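User: I'm new to reading protein models. Could you walk me through a few features, one by one?

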Amino acid sequence: MTTLSRRSLLATTGAVSLAGVLAACADTGADGKAVASASASDAEYDKVINSGPVATDDVVAASTWASAVKKAGKLVTGGTKTSEVFSWEDSRTKKVSGFDAAIAQALARYIIGGDDARSLLEIQQVTSDTRETVLVNGTVNAVVATYTITPERAEKIDFAGPYYASSQAILVKADNKDITGVDSLTGDVAVQSNSSSASALKKYAPNATAKPFDTQAKCVAAVESGQVKAYVVDQSLLKSEVLSNDKVKIVGDTFAEDPYGIGLPKDSGAQAFVNTFLQTIESDGTWKRIWDATIGKSLGGDAPQPPAIGSVPGSSAAGADAAGSGEQTSAPEAGSEQAPEQGAEEAQQES
């Protein structure tokens with residue numbers, strides 16, 4: 001049985017946070033351009049997001065969706081600014097960093113180009129209840145928000161990916177000794193509304209009752225107050241929570257894998273384009289460097305193998321085939337070099 005508290009997680013990761021990155025230095029990225037210097041807390045992260053591939057003009061022009069983003073000069077995504085590991089806004093600098101944020105920033109630069117990926121992304125706060133809505137009504141170009149791909153969601157929107165996979169885990173009060181894993185879950189258990197956790201709970205813990213809340217903060221507060229016995233959500237989000245909260249802990253083994261995808265407007269033609277972007281950053285090492293600078297920096301461990309694009313129900317095999325084919329439909333700019341492989345608050349997002 002696995003038990004992770006703030007103390008044990010900090011011990012295993014050496015208390016490293018997203019802010020604890022390398023000092024600033026100029027370097028050359030995968031596109032052959034110099035990467036600008038940054039502050040000590042941002043240098044490694046900025047180096048990663050500003051050194052990925054950039055699509056050629058003709059590739060962008062061939063996609064109506066990408067052309068509109070490039071014309072606007074900004075990629076607008078639905079996401080969060082309160083998930084420490086995935087997308088977190090520094091209250092002092094107002095810079096947003098994290099694994100999902102970096103994927104979105106790299107995508108923005110892939111489409112638009114330039115040397116400042118952060119400036120090319122605008123994040124609009126969404127919850128698990130509003131992600132499909134903002135895509136359907138055209139408020140955002142994409143949603144990058146620990147967004148689990150499901151066939152039901154894919155009836156309303158398109159998914160690119162998956163680009164990462166997590167699993168469900170269990171959060172309880174730090175002094176709880178009764179719940180040791182999914183088999184011991186009974187009674188009211190917090191989940192985020194309109195998330196994949198409720199169905200996972202029904203399948204793996206039939207004696208438990210899902211009690212929905214609209215944000216992670218409210219789910220955690222319900223655990224702390226004793227309103228519910230536990231909170232079920234992606235393990236990666238719970239690890240982020242226990243990094244800064246010693247009132248709760250993670251117990252038991254994970255269950256019910258959650259493949260994360262990038263949500264896109266239905267039938268917009270964006271899916272094949274974004275799948276090609278994901279395939280490109282996985283192939284040239286950018287995906288691994290993003291993982292190392294975010295999840296790996298905060299939680300430790302080795303970068304996993306990304307899941308195969310188009311490999312889960314709700315993702316498009318056609319889009320994945322286009323991304324994985326030998327056609328160079330969306331390669332880095334001509335003359336560029338690939339970089340070598342290198343060895344929460346209120347609206348935190350759920351899957």
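User: What covers the buried residues of α7?

Analyst: Start with the idea of burial: a residue is buried under 20% relative accessible area, exposed over 50%, and partly exposed in between (1.4 Å probe, protein chains only). Contact means heavy atoms within 4.5 Å. Here the cover of α7's buried residues includes the strands β10 (158-173), β11 (187-192), β12 (208-213), β13 (230-234) and β14 (248-264). Helices (H or I, at least four residues) and strands (E, at least two) are DSSP runs, numbered from the N terminus. By the way, this is a predicted model: local features need pLDDT of at least 70, side-chain atom pairs count only at pLDDT 80 or more, and totals for chains, interfaces and linings use all residues. Residues are numbered from 1 along each chain as its sequence is written, and side-chain values use heavy atoms, with hydrogens and water left out.

User: Which residues of α7 are buried?

Analyst: In α7 (residues 197-204), they are S197, A200 and L201. They sit on the same side of the helix because they cover an arc of only 100° around the axis, taking directions from the helix axis to the C-beta atoms. On the face turned away from that buried side you'll find the exposed S199, K202 and K203.

User: And which are the buried residues of α8?

Analyst: For α8 (residues 216-225), look at Q216, A217, C219, V220, A222 and V223. Their cover includes β10, β11, β12, β13, α9 (235-243) and β14. Just after α8 comes G226, with a positive phi of about 85°.

User: How do I read two packed helices, say α5 and α10?

Analyst: Two packed helices are described by the angle between their axes and the distance between the axes. The axes are lines fitted to C-alpha atoms, for helices over the stretch in contact, with angles from 0 to 180 degrees between N-to-C directions. For α5 (residues 99-112) and α10 (residues 270-283), the axes come within 11 Å and cross at roughly 110°. So these two are roughly perpendicular, a label for 65 to 115 degrees (under 35 is roughly parallel, over 145 roughly antiparallel, the rest oblique). I103, A106, L107, Y110 and I111 of α5 meet F273, V274, T276, F277, T280 and I281 of α10.

User: Is S63 buried or exposed?

Analyst: S63 counts as buried because its relative accessibility is 8%. You'll find S63 in the loop between α3 (57-61) and α4 (64-72). Leaving out residues up to four places away in sequence, S63 touches G269 and F273.
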